[in-house]
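This report describes a protein model, beginning with a group of aromatic residues and moving on to the sheet.

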Amino acid sequence: LGDQGEGSEKPINGPALDQASAAALAHTGQGSVSDTEVGDEESYYEVEVTLDDGSSVDVQLDRDFTVVGSSADDDRSGDDNDTGGQ
């Protein structure tokens, strides 16, 4: 009841899930989708991708499934937001 307001996470579903997943994976070039959210505070869609090395990247998408930003979601990388670090 109290959790339905601001801050509730709603997963992407239906055809939008396929489009958002494809856009996020094209952006990262690897990995698998591990979580999704509609109405994220930073963008319309957020797709969390777990990369092949086990780290995660949050890919931000607009309503047209265009990448508008991404950030590493890996505590091991410190302040480094580069998703292509080797």
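## Aromatic cluster and sheet

Tyr44 has a relative accessibility of 28% and counts as partly exposed, where buried means under 20% relative accessible area, exposed over 50%, and partly exposed in between (1.4 Å probe, protein chains only). Tyr45, at 9%, is buried. The model is predicted: local features need pLDDT of at least 70, side-chain atom pairs count only at pLDDT 80 or more, and totals for chains, interfaces and linings use all residues. Residues are numbered from 1 along each chain as its sequence is written, and side-chain values use heavy atoms, with hydrogens and water left out.

A pair of aromatic rings is described by the distance of the centres and the angle of the planes. Rings of Phe, Tyr and Trp (its six-membered ring) pair if their centres lie within 6.5 Å; planes under 30 degrees apart count as stacked, over 60 as edge-to-face and the rest as tilted. The count by this rule is 2 aromatic pairs. Tyr44 and Tyr45 form an edge-to-face pair, with 4.7 Å between centres and 90° between planes. The rings of Tyr45 and Phe65 have planes at 10° and centres 5.0 Å apart, so this pair is stacked. Tyr45 belongs to strand E2 (residues 45-50) and Phe65 to the loop between strand E3 (56-61) and strand E4 (67-72), so the pair ties together parts that are 20 residues apart in sequence. Phe65 is buried, at 16% relative accessible area. Tyr44, Tyr45 and Phe65 make up one aromatic cluster.

The protein has 1 helix and 4 strands, in the sequence pattern α-β-β-β-β. Helices (H or I, at least four residues) and strands (E, at least two) are DSSP runs, numbered from the N terminus. The 4 strands form an open sheet in the order E1-E2-E3-E4 with antiparallel pairing; two strands pair if DSSP finds at least two bridges between them. Strand E1 (32-38) and E4 are the edge strands, each pairing on one side only. From one strand to the next the twist averages 20°; angles run from 0 to 180 degrees between N-to-C directions, and axes are lines fitted to C-alpha atoms, for helices over the stretch in contact.

| Strands | Sense | Bridges |
|---|---|---|
| E1 and E2 | antiparallel | 6 bridges |
| E2 and E3 | antiparallel | 6 bridges |
| E3 and E4 | antiparallel | 5 bridges |

Residue partners can be followed across the sheet. Glu37 stands opposite Glu46 in E2. The bridge partner of Glu46 in E3 is Gln60, and Gln60 in turn has Gly69 as its bridge partner in E4.

Of the 6 residues of E3, 6 are buried. Ser56, Asp58 and Gln60 lie on one side of E3 and Val57, Val59 and Leu61 on the other, and both faces are covered. The hairpin of E2 and E3 has 5 residues between the strands, with Gly54 at a positive phi near 95°. The hairpin of E3 and E4 also has 5 residues between its strands, and Phe65 in the turn has a positive phi of about 65°.

Buried residues make up 31% of the 86 residues in the protein. The mean pLDDT is 84, and 76% of residues reach 70 or more; pLDDT is the predictor's confidence in each residue, from 0 to 100.
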